[in-house]
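Have a look at the model first, then read on.

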Amino acid sequence: MTDAASLEFTPRDMRRMGEAVMGRVVDHLATIGEQPVRGDMDAADLCRAMREPAPELGSTLEPLLDSLFEEWIPRSFNTASPGYLAFVPGGGVFPGALADLIASGVNRYTGVWPTAPALVQLEANVLEWLREWMQLPPSTRGLFTTGGSMANFAAIVCARERQLGTELRRGAMYLSTETHHSVGKSAKLAGILPDRVRTIAVDGAFRMRIDLLEEAIASDRAAGLVPFLVVSSAGTTNTGAVDPLREIAALCRREGLWHHIDGAYGASFHLCPELRPLLAGLPEADSLTLDPHKGLFIPYGTGAVLVRDGEALRAAHAQTASYMPESRDAEFYDPHQYGPDLSRGFPGLRVWLAFKLYGAARYRAALAEKRTLALDAARRIAALPHVVMDAPPQLSLFAFHLEWPGATPAQQDAATRELLERVTRRGKVFITGCHAGGRFLARVCVLSFRTRKAQMDTCVEHIAEEASAICS
Ligand SMILES: *Cc1c(COP(=O)(O)O)cnc(C)c1O
């Protein structure tokens with residue numbers, strides 16, 4: 001007789017189930033390079049057929065794993081593939097999966113320092129490492145979030161609290177035409193409505209134009225508004241452009257504005273001292289978004305924000321309640337005082353375990369390699385007939401379009417779109433596009449830790465063959 005009210009498994013069963021799951025994951029990862037980079041995405045019928053009532057009785061694990069690994073996981077963008085050059089990749093390192101197993105297995109309460117002090121200290125350590133790599137001062141405090149979007153949100157809330165207080169409607173903020181859409185969304189969530197968000201045009205390299213930014217600030221001041229925040233990008237999602245961070249920082253200091261840098265794509269390159277000149281001015285940010293699930297290769301679900309005046313991050317979030325364990329010791333970082341979550345997972349463990357197992361040196365080597373691969377591929381692709389390189393890599397992302405004599409802009413856009421589709425359909429590399437500078441561009445983003453020279457050779461080869469077929 002099973003005891004229906006008990007949800008425990010025996011140690012033997014837990015071991016057996018754990019081994020079954022681990023076996024599937026390892027088999028999946030061992031063959032990741034041979035799996036199509038984009039599964040069969042015509043899945044509407046599949047999804048309809050999957051709708052089912054909640055199971056009244058439990059089932060065994062194996063058939064569930066069969067469905068997951070054989071039917072459902074393959075019907076997706078293979079974001080873990082070494083050939084995934086779409087959007088902004090990352091890959092998802094295995095230590096992240098191990099950390100999740102540990103964190104969920106022991107299920108400790110890591111949002112509150114007094115309840116798991118040593119575990120919270122691990123998270124504080126990692127935030128401190130990030131701070132040092134970004135060269136921010138010791139006053140900085142940070143927060144692991146679910147992603148770059150929520151990191152941008154936290155930063156906007158800090159800026160709003162510090163700069164505007166209760167005067168929300170007078171505040172105006174500035175971003176560029178190339179800024180990630182999560183910034184506008186976060187502004188709205190933070191109470192800064194779209195009529196107070198100014199979109200500044202970019203220069204020929206897709207960087208925010210300082211002269212226009214200055215004009216916009218002046219014109220808002222003249223209209224009685226309170227300019228309070230500039231959001232710049234350390235690597236835009238469209239073309240990888242790094243805004244003139246140093247000039248924007250200087251302008252913000254002069255004008256008394258908060259400068260937030262969205263480094264969700266590019267900030268991790270600051271780990272490499274030789275690449276820091278590409279991000280000059282980044283350490284001057286008032287706040288900075290990093291996205292460990294992109295440039296630190298952590299599995300999805302981990303972003304991070306660093307705030308130079310750590311007190312601003314705390315002031316925006318700190319609350320007390322009589323039922324909460326008291327954190328008397330101000331010396332120790334207490335996550336729930338710095339962010340919106342109370343109960344939550346253990347994001348710090350994922351990043352901590354990855355850095356402890358690999359060491360920072362290997363991370364730097366991997367990041368530097370991704371940039372070198374992008375530079376090399378961009379050079380070869382730019383040399384192909386019919387290719388115009390609109391945005392050579394500033395970091396590890398480049399964007400281009402197809403062109404031939406007599407082609408209309410609409411024909412070029414269609415051809416560039418066709419190129420993405422044809423290359424991706426071949427199953428080895430996945431590239432996506434964007435609208436920038438008035439046309440449709442193909443973009444290649446090298447940031448998965450699994451992407452190596454072999455995939456970039458294939459990328460160049462498949463682009464060359466398909467471009468030539470389309471333009472002939
Ligand atoms: C990906 C990205 C974001 C959003 O981050 P998520 O982790 O997807 O929420 C914000 N800004 C930039 C520049 C990005 O590339």
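For residue classes, Ala, Val, Leu, Ile, Met, Phe, Trp, Tyr, Cys and Pro count as nonpolar, Asp, Glu, Lys and Arg as charged, and the others, Gly among them, as polar. With those classes, the lining of the largest pocket divides into 16 nonpolar, 11 polar and three charged residues.

This is a predicted model, in which local features need pLDDT of at least 70, side-chain atom pairs count only at pLDDT 80 or more, and totals for chains, interfaces and linings use all residues. Residues are numbered from 1 along each chain as its sequence is written, and side-chain values use heavy atoms, with hydrogens and water left out.

**Open pockets**

- A pocket is found on a 1 Å grid over the protein atoms alone, as an open set of points with protein on both sides within 12 Å along at least five of seven lines; lining residues have an atom within 4 Å of a point.
- The largest pocket has a volume of about 720 Å³, where a volume is the space filled by probe spheres set on the grid points, joined across faces, edges and corners.
- Its lining has 30 residues, and His28, Leu29, Ile73, Ala80 and Gly91 lie nearest the pocket centre.
- Two or more lining residues come from each of α1 (11–30), α3 and α4; helices (H or I, at least four residues) and strands (E, at least two) are DSSP runs numbered from the N terminus.
- The second largest pocket has a volume of about 510 Å³.
- Among its 23 lining residues, Arg141, Glu331, Phe332, Tyr333 and Tyr338 are the closest to the centre.
- Here α5 (117–134), β1 (141–145) and α11 (310–317) each give two or more residues to the lining, and α5 has the largest share with six.
- By class, this second lining has seven nonpolar, eight polar and eight charged residues.

**Around the ligand**

- The shell holds 15 residues, of which Ser149, Asp262, Asp291, His293 and Lys294 come nearest; a residue counts if one of its heavy atoms lies within 4 Å of the molecule.
- Polar contacts are pairs of N or O atoms within 3.5 Å.
- An N or O atom in the side chain of Asp262 is 2.6 Å from a nitrogen atom of the ligand.
- For His293, a side-chain N or O atom is 2.6 Å from an oxygen atom of the ligand.
- Gly148 uses a backbone N or O atom, 2.7 Å from a ligand oxygen atom.
- Alone, the ligand exposes 380 Å², and the protein buries 86% of that (Shrake-Rupley method, 1.4 Å probe).
- Both α6 (148–164) and α10 (292–295) give two or more residues to the shell, with the largest share, three residues, from α6.

- A cavity is a set of grid points where a 1.4 Å probe fits but cannot get out, and the whole structure has two of 30 Å³ or more.
- The largest cavity holds about 50 Å³ of space, and its lining includes Phe144, His336, Asp341 and Arg344.
- The second largest cavity holds about 40 Å³, and Tyr265, Leu290 and Asp291 are among its lining residues.

**An aromatic pair**

- There are 14 aromatic pairs in the structure: rings of Phe, Tyr and Trp (its six-membered ring) with centres within 6.5 Å, called stacked if the planes are under 30 degrees apart, edge-to-face if over 60 and tilted for the rest.
- The Tyr84 and Phe430 rings have centres 5.4 Å apart and planes at 85 degrees, so this pair is edge-to-face.
- Because Tyr84 lies in the loop between α3 (61–72) and α4 (94–106) and Phe430 in the loop between α14 (409–425) and β10 (432–436), the pair ties together parts that are 346 residues apart in sequence.

Key. A polar contact is a pair of N or O atoms within 3.5 Å; within protein, one must be able to donate a hydrogen and the other to accept it, and residues adjacent in sequence count only if both atoms are side-chain atoms.
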